[in-house]
Amino acid sequence: MTTAVHPYIDSLLSGTRDLPRAPEAWLNDRRGAALERANALAVPTTREEEWRFTDLAPLTRLTWKAPGGRAALTADAIASYVVPEAGARLVFVDGVYAPALSHTDGCTGVVVAALAEALKRGVALEPHLARHADFERNVFVALNTAHLKEAAVVQIGKDAACDKPVHVLHLATEAGTAAYPRCAIVAERGAQCTVIEEYQALTADAYFNNSVTEVVVAPNANLRHVKLQLEGAKAFHIAACAVKLARDASYTSQTISVGARLSRYELGVHLGGEGGFAQVDGLALIGTRQLADTHTTLDHAHPNCRSVQLHKTIVGGAAHAVFNGKICVRAGAQQTDSAQESRNLLLSDKATVDTKPQLEIFADDVKCAHGATVGQLDADQLFYLRSRGLPEQAARNLLTYAFGASVIERIPVPSLVQRLEKLVMAQTGAAA
């Protein structure tokens, strides 16, 4: 292995020398190619347009190590994170699969397994794994792929309609570690399922999660993807998700970002077949000196596709939220219907929001719209609630929660909605 361009990247790649070779040659080839790209790429800086508002210096100033060993967690230790409606659960601790905390056989027609088990069971991952997330240009995807050893695999079989969600839970327990969570979700033709991807902290110290998720939705399949980023206050979370939609496929995404000192989420949805539909909702609630950066791309490559996007931020303290949402309509993608809305609520004078909607349209018979608003709590509504006897802080908390509730309440998992309601109400007071 050659020395990486950046000493920080070189240090993050040090663990790859000890990774065992996988039995599958194609997987070794992709890990090797990603390693070469990681060696060649540099850490993004604020001089680059895509990273203009996100300074990675706090991340690169720290030294990271590989997880030393899986924490001996008991079922009681994770009880508060269990989703009772889930038919299956995969648990990873510091990026390492924890079979004792997982149960995988409760969803009919769905394979829920760690990578090694999925390959043994013949899940066809070669066309998908490390195929859709771009490690050629994204150094963090390259780092994740170079470290690819463990992964969560969810394969919903042809025409399987799973009414119970699948829960993939990532827990961070060890201070100073860099982990590389990976998730592959494949919904075959006509399949339906909900997958919850959740990140939680059991340590108050700094750690780094560099995660990548790949989602493939075959013709006429319907996938709902809920991502919860509830990391620790000192954590760093950089994530990418690549979604491929086939003809008449449907993808619905709800992303809730509350934790982490610095977080970045890049979501790319490729509508690669006529009649595809994507709904992308996001809510970021941050305070103190947190930074939450969301970049999305909705790529309409075929005619008669539709996308709807709602992204909200609630920003308090001296926090900084970034939203960059691109809608791309390629040549020939006629009858595209796309709507994007960015709504932002500032809770303090020092809070900052940078929002940048982008339209790139190369077809002439389309309907595309986008809008962005930045504001504060409505004084009349606040006065009304106080006139009904609510203390000022309680009135502020209630109005703030109501602002974000439209995203949370779209999640079709009641226990999760209740848990998020409590969390957001608590965070609302703290974020102001």
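Let's start at a helix end. Asp 378 caps the N-terminal end of helix 6, residues 379-387. A side-chain oxygen of Asp 378 lies 2.9 Å from the backbone nitrogen of Asp 380. Helices here are DSSP runs of H or I, at least four residues; strands are runs of E, at least two; both are numbered from the N terminus.

Some ground rules. This is a predicted model, where local features need pLDDT of at least 70, side-chain atom pairs count only at pLDDT 80 or more, and totals for chains, interfaces and linings use all residues. Residues are numbered from 1 along each chain as its sequence is written, and side-chain values use heavy atoms, with hydrogens and water left out.

Back to helix 6. After it comes Gly 389, with a positive phi near 100 degrees.

Next, its partner. The axes of helix 6 and helix 7 come within 9 Å and cross at roughly 130 degrees. Axes are lines fitted to C-alpha atoms, for helices over the stretch in contact, with angles from 0 to 180 degrees between N-to-C directions. The two helices are therefore oblique to each other. Oblique is what remains once angles under 35 degrees (roughly parallel), over 145 (roughly antiparallel) and 65 to 115 (roughly perpendicular) are taken out.

Who touches whom? Helix 6 brings Gln 381, Leu 382, Leu 385 and Arg 386. Helix 7 brings Glu 392, Ala 395, Arg 396, Leu 398 and Leu 399. Contact means heavy atoms within 4.5 Å.

Strands pair if DSSP finds at least two bridges between them.

One pair in detail. Strand 1 (88-93) and strand 5 (166-172) run parallel, joined by 6 bridges. Arg 89 of strand 1 stands opposite His 167 in strand 5.

Last, another helix pair. Helix 2 (25-40) and helix 5 (139-146) have axes that come within 8 Å and cross at roughly 140 degrees. That makes helix 2 oblique to helix 5. Helix 2 contributes Arg 30, Arg 31, Ala 34, Leu 35, Arg 37 and Ala 38 to the contact. From helix 5 come Val 139, Ala 142, Leu 143, Thr 145 and Ala 146.

Technical notes
Polar contact = N/O pair within 3.5 Å; in protein donor to acceptor, adjacent residues only side chain to side chain.
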